[in-house]
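Open the model in your viewer and get the selection tool ready. We will go from stop to stop, picking residues as we go.

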Amino acid sequence: FTNSLSNLTSKLTNFLTGRKTEFSTKNPTAFSSKFPTELEISPTSVPSVLELSCRNFTDPLRKDDFKELFRGISQIHKIETQRTPQNLAFNFVLSEEKNCVKDELFLVQRYIAVLLFYSLNGNNWFNSTSYLSSSHECDWHGLHCNKNSRQITNIWLGENDLHGSIPSEIVFLQNLEELDLEKNKIIGSIPRNINKLQKLRILDLDNNALTGSIPLSLYNIRSLDTLDLDSNGFTGTIPLKIRSLVQLKHLSLYDNNLRGTIPWTIMLLEKLEILYLDKNNFRGKISEGICRLKPFFNGVLEIIVADCTNNTPVKCLCCECEW
């Protein structure tokens, strides 16, 4: 009887060990799959939601749980470096006793809302009503959410004296439909993986001090209907790939440092109504196909402005020429 019991115990132990191994092999990154990252993360380095618990507020391991959650959103060294925007935002959400790592979707959203405040010098905004309060971030100034899901869909912080750079983590607000930061003093560049915002319809960043090239990934956001980037310091060219923005109605790129030729593929944007290209360094002839988007040819393009006077290198038969 003793030998039989021993054998039974051994088999049961082996069975349970095998099931544990099978589970961890099948689903090693269940926790992190909702938030992809550009960083290389080992499948075993991020625990699943099942492995993370809502630890007591005083539990020293609670901080480690939060780090595991955010390592797929921000670079860990930025979270750990004192006084960086990421460090300040991390400490804020960690300090709120109600927060739990199992509520990952909403905890990440709150972290990014706080990070936006710290990255863009929120203490000096004209209006920062409710920021860093205990109220839901959907009630903070300029943040609009879906009433049912309570997920951020619109950010309206134009003309609010924002300084600093746009945090790259903003691309994890995957239900964002409108980002309006116009007429501020924002520096830096557009996050290069902005294409993660596949529901984005309006990107309005005009009248800032942004530089660098317009990320190629932006042209993969097929939902965009308004791209307003005028009055900045963007460089580079407009790629043929702009044809992918099939919903685009408003394209404003004037007063930048863009160069090269104006791509003929703009003629494929059949919904385009407004096109501002002036005050740049473009050259060459604007395709007659673009002119055929105008109402005379049954198109909807009402305005097209370019540097096409006699003394400029752009030639256009249908443009309003900027002097």
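Select Lys-285 and Lys-315. Lys-285 stands opposite Lys-315, which belongs to β15. This is a predicted model. The two strands here, β13 and β15, pair in the parallel sense over two bridges.

Pick out two of the facing pairs. Gly-260 sits opposite Phe-282 of β13. Thr-261 has Arg-283 in β13 as its bridge partner.

Show the three strands together. They form an open sheet in the order β11-β13-β15, with parallel pairing. Which strands stand at the edges? They are β11 (259-261) and β15 (314-315). Each has a single partner strand, so one side of each is left without a neighbour in the sheet. In general, strands of a sheet pair through backbone hydrogen bonds.

Next stop: the core. Select Phe-70, Tyr-111, Ile-155 and Leu-203. The largest nonpolar core holds 81 residues, and these four touch the most other members. Elements giving two or more residues to this core include α2 (61-70), α4 (85-95) and α5 (104-119). Strands β1 (143-145), β2 (152-156) and β14 (303-306) are also among them. Which element gives the most? It is α5, with nine residues. Nonpolar side chains tend to be buried together in soluble globular proteins.

Zoom in on Tyr-111. Its contacts beyond four places in sequence include Phe-70, Ile-73, Ile-79, Phe-90 and Val-93. Ser-74, Gln-86, Ala-89 and Glu-169 are touched too.

Move to α2. Is this helix largely enclosed or left open? Seven of its ten residues are buried, so α2 is largely enclosed by the rest of the structure. Colour the buried ones: Arg-62, Asp-65, Phe-66, Lys-67, Glu-68, Leu-69 and Phe-70. Then show what lies against them. The buried residues of α2 pack against α3 (76-80), α4 and α5.

Last, look at the rings. The model has ten aromatic pairs. Select Phe-296 and Phe-297. Their ring centres are 5.0 Å apart and their planes lie at 85°, so this pair is edge-to-face. Phe-296 is exposed, with a relative accessible area of 75%. Phe-297 is partly exposed, at 38%.

Finish with a group. Select Phe-117, Tyr-118, Trp-125, Tyr-131 and Trp-140. These residues form one aromatic cluster.

Definitions and conventions
Residues are numbered from 1 along each chain as its sequence is written. This is a predicted model: local features need pLDDT of at least 70, side-chain atom pairs count only at pLDDT 80 or more; totals for chains, interfaces and linings use all residues. Side-chain values use heavy atoms; hydrogens and water are left out. A nonpolar core is a set of buried Ala, Val, Leu, Ile, Met, Phe, Trp, Tyr and Cys residues joined through side-chain atoms within 4.5 Å. Buried means under 20% relative accessible area, exposed over 50%, partly exposed in between (1.4 Å probe, protein chains only). Helices (H or I, at least four residues) and strands (E, at least two) are DSSP runs, numbered from the N terminus. Contact means heavy atoms within 4.5 Å. Two strands pair if DSSP finds at least two bridges between them. Rings of Phe, Tyr and Trp (its six-membered ring) pair if their centres lie within 6.5 Å; planes under 30 degrees apart count as stacked, over 60 as edge-to-face and the rest as tilted.
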